Amino acid sequence: MGAELIPLAFTTGWGSGINAYAVVLVLGLADRVFGISQIPDALARTDVLVGAAILFLVEMLADKIPYVDSVWDSVHTVVRPAVGATIGYLIGHETASLDAAIGAATGGVTALVSHTIKAGLRAAVNTSPEPASNVVVSTAEDVTVTGVTALAIAHPWWAASIALVLLAAGAFLVYKVAGRIRRYKRRYDAWGERVGITAPSGRQGRGPAGSADPRRPPSRGGPPRRRRARTDGGPEAPFDQEA
């Protein structure tokens, strides 16, 4: 694989994990206007550009709404790595089959890691009660992906270096806000159960009659235990206590 194709596959994979449709649009329009040789011609096709533009606009809207953005990310857990792998394959396809395999692996794996970090950070952002943070973060993601992808066309190694730094910074932030992400996941799972997009977790709570009370310890079998009468003349303990 040519030396300039490796960083290009890495950068487009990183961008695809955040906003795959923006990457397709930037590369396709650049090839359509400037005829750049290292960009696959398939990305400049009219149907590809129109489809990417429509999905890009849909993502711009969905990615700025709390909880909806997490549903969108869940759906794209497969889509974004697949797009990254496809772009990487097309980048190396012009030279040799091995280059295509390397490009696909580079783009797909990088996109999967990038997507996981993005989903984790957006989950942490969604713990905020106001929607402004979603709009700011989503807009920053779109601008960054567009800018770094455009830079990769002219200076692939510089773009790959920036993408690597952003990837590492994102992973560090996910580590720092892991507690908030876990709290958000519980809220997101509960919301998904209410709207019917996730299966019930089977947790027992304040349900209909006959359901177990989570505050009461499980029964160990056998006849119920009697309270012990106090011998010091004081009132009985208000709760069952073990000796």
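The legends below describe an overview and several close-up views of a predicted model.

**Figure 1. Overview of the helical protein chain.** The protein chain of this predicted model contains seven helices and zero strands, and from the N terminus on its elements run α-α-α-α-α-α-α. Of its 243 residues, 37% count as buried. Among the contacts between residues at least 6 apart in sequence, 67% join residues at least 24 apart. The structure also holds nine salt bridges, some of which are described in the next legends.

**Figure 2. Close-up of the salt bridge between K118 and D63.** The side chains of K118 and D63 meet in a salt bridge, with a distance of 3.2 Å from N to O. Because K118 belongs to helix α4 (residues 97–125) while D63 sits in the loop between α2 (46–62) and α3 (68–93), the pair ties together parts that are 55 residues apart in sequence. Both partners fall under the 20% relative accessible area that defines a buried residue: K118 has a relative accessibility of 4% and so counts as buried, and D63, with a relative accessible area of 1%, is buried as well.

Figure 3. E141 forms a salt bridge with R122, and the closest N and O atoms of the two are 3.1 Å apart. Since E141 lies in helix α5 (residues 132–154) and R122 in helix α4, this pair ties together parts that are 19 residues apart in sequence. Both E141 and R122 are buried. Through salt bridges that share partners, D63, D69, K118, R122 and E141 are joined into one network.

Figure 4. D73 and R80 form a salt bridge in which the closest N and O atoms are 2.8 Å apart. S16 itself counts as buried, at 0% relative accessibility.

**Figure 5. Close-up of the packing between helices α2 and α3.** The axes of α2 and α3 are 9 Å apart, and the two helices pack at an angle of about 140°; they are therefore oblique to each other. On the α2 side the contact is made by V58, E59 and A62, and on the α3 side by V68, D69, W72, H76 and R80.

**Figure 6. Close-up of helix α6 and its two faces.** Helix α6 (residues 156–176) has 21 residues and reaches 30 Å from its first C-alpha to its last, close to the 30 Å expected at 1.5 Å a residue. Within α6, the residues P156, A159, A160, A163, L167 and G170 are buried. They cover an arc of only 95° around the axis, which puts them on the same side of α6.

Methods: Residues are numbered from 1 along each chain as its sequence is written. This is a predicted model: local features need pLDDT of at least 70, side-chain atom pairs count only at pLDDT 80 or more; totals for chains, interfaces and linings use all residues. Side-chain values use heavy atoms; hydrogens and water are left out. A salt bridge is a side-chain nitrogen of Lys or Arg within 4 Å of a carboxyl oxygen of Asp or Glu. Helices (H or I, at least four residues) and strands (E, at least two) are DSSP runs, numbered from the N terminus. Buried means under 20% relative accessible area, exposed over 50%, partly exposed in between (1.4 Å probe, protein chains only). The expected span of a helix is 1.5 Å times one less than its number of residues. The arc is that of the directions from the helix axis to the C-beta atoms. Axes are lines fitted to C-alpha atoms, for helices over the stretch in contact, and angles run from 0 to 180 degrees between N-to-C directions. Angles under 35 degrees count as roughly parallel, over 145 as roughly antiparallel, 65 to 115 as roughly perpendicular and the rest as oblique. Contact means heavy atoms within 4.5 Å.
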